[in-house]
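I opened the file to look up a helix, the nonpolar cores and the contact between the chains. My entries follow in the order in which I made them.

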Amino acid sequence: MTINTNVNDCAAVLEIDGWLDTQTSPELGAAIEALDASVTELTIDMSKLEYISSAGLRLIVSAHKRMNGNLTLKNLSPEILDVFNMAGFAKKLNIV
Amino acid sequence: MKSSILKQTVIIFCLAVLIDSVAAVIFCFAYNNRLTGDIAGQLARAGAASAAHIVENTDYGELTQSETSDVYLNTRDCLKEICGELGLKYLYVYEVSPGKDSIRYIISVASEEDSDKRVAEERGLGAVVSRALKEQELYALEGVEPEKAYVEKNEYGNVYTWTCPVIKDGAVIALVGSDYSARMMFLQEVHRTLAVILPMIAVLIFAIFMALVAIRKKILFPINVLSQRMNGFITDEGVALEPLDIHPDNEIGEMADSFDKMCEDIKSYLENIENLTAERARASAELDVARRIQNGIVPEKTEISRGSYNVSVRAKAARDVGGDFYDCLEFEDGRLCVVIGDVSGKGIAAAMFMVMTRTLLNDRLRGGYSPAAALNSVNEVLCQSNPEGMFATVFAAVLNSENGELCFANAGHTKPVITGGNARFLEVDSGISIGVFENSDIKDECIKLNKGESIILYSDGVTDMVNVDKEFFGADRLFESVRAADSARNAIKSLGKAAFEFAAGAEQFDDYTVLALNYTGAETMLRLSPTKDSLPELRKSVLDIAGANQRGRKIYLACEEVFVNIADYSEASLVEIEFEKKNDTLKITFSDNGVPFDPVSADTGHKRFCELDSGGMGLNIIKQIAENISYRRYGGKNILTLVFVLGDE
């Protein structure tokens with residue numbers, strides 16, 4: 001999995017490429033942790049995400065908390081969106 | 001409709017009578033003709049001679065003087081009387097002219113009144129007729145009496161004429177002619193003929209009638225009765241089989257007796273057939289039930305497919321029921337037991353012995369006996385109750401599906417084939433058939449099957465199949481046909497194709513039974529330490545088996561959640577993961593030796609969204625992806641079984 005971080009003032013965009021599972025999720029956790037405190041808006045581009053497990057989902061939830069709800073998920077494939085639905089919180093998130 | 005014998009006989013008889021009658025008439029008529037001719041001649045001659053005698057004793061001068069003289073009239077009366085008495089037609093006296101070229105009548109009389117008057121006028125005294133003299137007249141003039149009557153045809157009809165001279169003083173002074181009617185003569189002939197023929201015909205007809213009556217009574221009637229009996233032999237069964245009441249003492253009687261005997265024979269024959277048919281129907285029904293029972297015990301086809309092995313069997317009895325059998329037992333602990341056997345003989349007897357043998361073996365093997373122990377034990381039981389001295393050859397094997405160890409024992413059965421890269425006949429002690437000797441002393445042997453190898457068990461009915469040239473299929477052809485098979489089903493198919501193509505067109509006499517066990521090995525059994533580092537290995541296995549597609553990734557998602565749960569919470573030291581692919585489902589079993597935890601009944605309920613970062617989503621996801629989840633605690637292990645549906649989503 002690779003993560004591209006793109007920060008523009010208070011808004012940041014993370015682009016995830018590959019599998020986000022139990023083994024790789026700490027990398028995403030570290031990437032979010034590494035964001036400057038001034039960043040108040042986070043967008044995660046999932047167009048290249050092939051797989052997500054509950055470990056990944058948990059990180060999304062904690063990112064949502066950290067940004068006080070200012071988290072946007074974009075370019076979800078139907079397969080990934082299906083996992084969000086199964087976890088039962090697709091409606092709580094801002095998915096575009 | 002055929003013409004009846006009676007009619008034909010009547011026609012033949014009529015023809016015979018007709019021909020007979022015609023012939024009789026012809027002969028009779030010919031004979032009478034001669035006879036009548038002679039008589040007519042004699043009468044004519046007598047008439048002429050009498051007349052001549054009268055004229056000779058008459059005063060000739062006075063006679064020729066006048067037609068009215070007493071002498072003339074008396075003489076004429078005399079002549080007429082003679083004429084009538086003798087049945088002559090005409091009688092006449094005449095003189096011949098000296099030139100012999102004419103004649104002069106003196107007296108002419110006729111027997112019939114009309115004719116008499118006519119001849120008295122036309123040929124009375126002095127009537128002259130010019131004509132040449134006839135032969136008999138010339139003879140008569142010489143004083144010679146002719147030897148026969150002459151047939152003449154003149155204006156007075158056809159007549160027999162006799163000419164006689166009148167001699168006075170040694171000289172012929174006149175001639176007398178007497179005519180006998182030819183018609184009269186013919187009538188007499190007819191009369192005489194009929195007098196003979198008619199009675200003869202009457203007698204003949206009577207005789208024929210009697211003959212016909214006899215034929216009708218003695219021949220036609222019995223034949224009719226026989227014919228009706230034969231006609232209604234089946235339809236009027238009850239009547240037709242009664243003895244006939246006809247006993248004429250002739251050939252017909254013999255025929256009737258023969259017919260009676262034939263009826264008797266047929267009656268008993270029919271009864272025999274009825275009994276036989278009923279017997280056969282009963283036997284057939286029983287055999288049918290037996291076949292169904294055998295089919296229940298030894299199905300013609302069995303297919304088993306598990307994670308680490310697959311089994312395929314084909315069984316085909318040569319007759320309705322056979323002596324071959326097989327058995328497949330799957331044990332809870334993953335062991336698989338396969339048995340193949342062949343009982344001596346065929347048919348019901350072999351089938352009964354087979355059922356006993358198979359049932360006993362099944363019982364021992366279920367009870368945990370090793371193949372050899374089971375065979376030895378069954379042998380003991382069979383020996384105690386085997387009055388017919390039957391026996392069975394059996395090969396039994398138990399496969400450890402986890403490591404491919406195959407332990408087997410042979411009781412005189414054909415040597416199995418091991419397929420794969422090192423294809424060979426299995427080296428096994430031939431052992432001894434069970435059911436014969438009490439101390440069979442059969443021993444277990446073990447080998448290890450490599451992944452992909454199969455063991456092919458078969459009855460000798462396979463190798464003993466014959467082709468049209470009476471050649472055996474043989475173990476070598478069998479070996480070649482299965483050696484490269486990559487699954488149990490393919491081995492069976494390949495062998496079946498080879499064997500039945502070889503034997504096409506030839507009748508087979510033995511049961512055909514083949515059992516193939518293919519060990520696919522434990523490649524679908526993962527042993528992982530419960531750390532996150534094991535995840536790539538799990539991922540590879542799942543995607544290999546379920547497919548590296550959306551469906552495969554979703555199944556892996558469930559597996560990852562399960563595995564991570566175990567890794568995080570169970571404190572287990574080992575996780576075993578077994579995959580079982582069956583048709584379009586994939587069964588994945590996780591076994592861990594951790595603390596008891598039942599995720600199926602665990603509450604995965606309503607966590608608030610803000611708490612989800614601490615976990616609890618995994619179980620939810622698993623339950624939504626898996627078709628079925630079951631948990632049991634067994635042997636100190638948590639055993640969680642997930643079933644997924646494969647195929648496109």
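Before checking a helix I wrote down the rule: the expected span of a helix is 1.5 Å times one less than its number of residues.

**Helix α15 of chain B.** This is a predicted model, so I treated the helix as something to check. How far apart should the ends of helix α15 (residues 550-569) of chain B be? Its 20 residues should span 28 Å at 1.5 Å a residue, and I found the end C-alpha atoms 29 Å apart, which agrees. I then looked at burial and noted that 15 of the 20 residues of α15(B) are buried, which leaves the helix mostly covered. After α15(B) comes B:E571, and I read a positive phi for B:E571, near 65°.

**Confidence.** I looked up the scores for the model and found ipTM 0.93 and pTM 0.47. For chain B the mean pLDDT is 86, with 94% of its residues at 70 or more.

**Nonpolar cores.** I went to the largest nonpolar core next, and it has 66 residues. Which residues have the most contacts inside it? They are B:L375, B:A396 and B:L517. Strand β11 (residues 392-400) of chain B gives the most to this core, seven residues. Another core, of 55 residues, lies apart from it and includes A:I44, A:M46, B:A567 and B:L642. I also listed the contacts of B:A396, leaving out residues up to four places away in sequence: B:A396 touches B:C337, B:V339, B:L361, B:P371, B:A374, B:L375, B:F408 and B:A409.

**Chain A.** Last, I went through chain A, which has three helices and five strands. From the N terminus on, I read its elements as β-β-α-β-α-β-α-β. Of the 96 residues in chain A, 35% are buried. I also looked at contacts in chain A between residues at least 6 apart in sequence, and 69% of these join residues at least 24 apart.

Methods:
Residues numbered from 1 in each chain as written. Chains lettered and ligands numbered in written order. Predicted model: local features only at pLDDT ≥ 70, side-chain atom pairs only at ≥ 80, totals over all residues. pLDDT = per-residue confidence, 0-100. Helix = DSSP H or I, 4+ residues; strand = E, 2+ residues; numbered from the N terminus. Buried ≥ 20, exposed ≤ 12 C-beta atoms within 10 Å, placed from the backbone. Core = buried A, V, L, I, M, F, W, Y, C linked by C-beta atoms within 7 Å. Contact = placed C-beta atoms within 7 Å.
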